[in-house]
Amino acid sequence: MHESVLLKEAVDLLQPERGGVFFDGTFGRGGHSRAILQRLPADGRLVATDKDPQAVAEARQLEVEDARFSLHHGSFAEADIILRNAGVAKLSGALLDLGVSSPQLDQAERGFSFNKDGALDMRMDTTRGMSAAEWIAVAGEEEMTRVFRDYGEERYARRIARAICAAREEAPIERTLQLASIVAEAHPRWEKHKHPATRVFQAIRIHVNNELGDLERALGILFDCLAVGGRLVVISFHSLEDRIAKRFMK
């Protein structure tokens, strides 16, 4: 059973018992949404979205169980369109739980984990966009270096990018363990208790899913949608997301 991060803390901050319409921008496996619904008055509404088709499939059952809940397949960066289509003008609260979820990491075929062998995909939404393998096949050394440095804060970004470009000349890079091995061999200094491919996998995932761009857009949209006294709650895992959220909320 997947347990949502900071479940009680996030819902306490939202205060759904105040009523009105709430937005869950990252349904995932539904932990936060279900907790919001438990405290939401009978005349309240919860509108949720998720990029992941597996999350959407799981949410359909909740739509059947609770008429206050509706789920829309898409990015929270499209919140303005989603809310307009749902007939929502103002929100009492909105929640974003950023990053990759443990169910996504646990499924080797999703390509998020450097510890499990699977297709090098990494897309949150497997129905659209360029996969990690497709990006690695066409990205130049300069672009890779920038992505690894800016999104992974990888000190040895250029060295690793050069190694990947050399390796793909020998054979396509299409598997997670294949990429992890290339990065590990190229990385000159391994951090204690951290796989040397950690930062590169994070960077590629952020890039192919446009995670930081989506976050910046969503924050502005959701803030503008808040009613007087409305609350915006953001759960972030790493420093890049954290800086964007804190800078916006200042």
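First, a term for the tour: a salt bridge is a side-chain nitrogen of Lys or Arg within 4 Å of a carboxyl oxygen of Asp or Glu. This is a predicted model, where local features need pLDDT of at least 70, side-chain atom pairs count only at pLDDT 80 or more, and totals for chains, interfaces and linings use all residues. Residues are numbered from 1 along each chain as its sequence is written, and side-chain values use heavy atoms, with hydrogens and water left out.

Select Arg158 and Glu141: they form a salt bridge, with the closest N and O atoms 3.3 Å apart. Arg158 sits in helix α8 (residues 157–170) and Glu141 in helix α7 (residues 141–152), so the pair ties together parts 17 residues apart in sequence. Helices are DSSP runs (H or I, at least four residues), and strands are too (E, at least two), numbered from the N terminus.

Next, jump to Arg39 and Glu17, whose side chains meet in a salt bridge (3.2 Å, N to O). Arg39 is in helix α2 and Glu17 in the loop between α1 and β1, so this pair ties together parts 22 residues apart in sequence.

Last stop: helix α1 (residues 7–14). Which of its residues are buried (under 20% relative accessible area, 1.4 Å probe, protein chains only)? Pick Ala10, Val11 and Leu14.

Definitions and conventions: Buried < 20%, exposed > 50% of the residue type's maximum accessible area, 1.4 Å probe, protein only.
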